[in-house]
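Please read these notes with the model open beside you.

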Amino acid sequence: LALSANLAYADPITINSQLQCDKHDVVVNALQTKYKESPVWMSQKQEIVYGLFLNKTTKTWTFVLTDNNIMCVVAEGEGFVSSIPIYCCRNRSFTK
């Protein structure tokens, strides 16, 4: 809790990074068909929706953000440990 309070007052740092973006449905279709990943978490801040897709079998994951029907892959990788049950976000904005 103290760490998150300190981060709110940290001086901002800009990271230059190119994101892979496409139409929302194109990215979701690729994650679900090619990688067999399902949305397990999402949160919204103002107009941007952030989300995490996981494949529990292969242990791959993808972190995305979406705005105005455009979805961008922020990061992806392999391997994770879950200490909480994984619930899918059906009927939410990631699975229109």
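1. Basis. This is a predicted model, in which local features need pLDDT of at least 70 and side-chain atom pairs count only at pLDDT 80 or more, while totals for chains, interfaces and linings use all residues. Residues are numbered from 1 along each chain as its sequence is written, and side-chain values use heavy atoms, with hydrogens and water left out.

2. Five strands make an open sheet with antiparallel pairing, in the order 1-5-4-3-2. Strand 1 and strand 2 (38-45) are at the edges with a single partner strand each, so one side of each has no neighbour in the sheet. From one strand to the next the twist averages 25°. Strands here are DSSP runs of E of at least two residues, and helices are runs of H or I of at least four, numbered from the N terminus. Two strands count as paired if DSSP finds at least two bridges between them. As background, strands of a sheet pair through backbone hydrogen bonds, either parallel or antiparallel.

3. Strand 1 (residues 20-23) and strand 5 (residues 70-78) are joined by four antiparallel bridges, with Lys23 opposite Ile70. Eight bridges link strand 4 and strand 5, also in the antiparallel sense. Strand 3 and strand 4 pair over seven bridges, again antiparallel. Leu54 is set opposite Trp61 of strand 4.

4. Thr66. The bridge partner of Thr66 in strand 5 is Met71. A polar atom of the Thr66 side chain lies 3.0 Å from the backbone oxygen of Ile70. A polar contact is a pair of N or O atoms within 3.5 Å; within protein, one must be able to donate a hydrogen and the other to accept it, and residues adjacent in sequence count only if both atoms are side-chain atoms.

5. Lys59. Lys59 sits in the loop between strand 3 (48-55) and strand 4 (60-67). This hairpin has four residues between its strands, and Lys59 takes a positive phi near 65° there. Lys59 counts as partly exposed because its relative accessibility is 35%. Which residues does Lys59 contact, leaving aside its neighbours within four places in sequence? They are Gly77, Glu78, Gly79 and Phe80, where contact means heavy atoms within 4.5 Å. Lys59 and Gly77 are 18 residues apart along the chain, and their C-alpha atoms are separated by 8.5 Å.

6. Other positive phi values. Most residues other than glycine have a negative phi. Asn68, in the loop between strand 4 and strand 5, has a positive phi near 50° in a hairpin with two residues between the strands. Gln46, in the loop between strand 2 and strand 3, has a positive phi near 55°. Asn68 counts as exposed because its relative accessibility is 67%, and Gln46 is likewise exposed at 67%.

7. Helix 2. Helix 2 (residues 24-33) packs on the sheet and touches strand 1, strand 2, strand 3, strand 4 and strand 5. The direction of helix 2 makes about 110° with that of strand 1. Axes are lines fitted to C-alpha atoms, for helices over the stretch in contact, and angles run from 0 to 180 degrees between N-to-C directions.

8. Largest pocket. The largest pocket holds about 250 Å³ of space. Its lining has 15 residues, and Gln20, Leu31, Tyr35, Thr62 and Val73 lie nearest its centre. Helix 2 supplies the largest share of the lining, four residues; strand 1, helix 2, strand 4 and strand 5 each give at least two. On a 1 Å grid over the protein atoms alone, a pocket is an open set of points where a 1.4 Å probe fits, with protein on both sides within 12 Å along at least five of seven lines; lining residues have an atom within 4 Å of a point. Grid points are joined across faces, edges and corners, and the volume is the space filled by probe spheres set on the points.

Terms used:
Buried means under 20% relative accessible area, exposed over 50%, partly exposed in between (1.4 Å probe, protein chains only).
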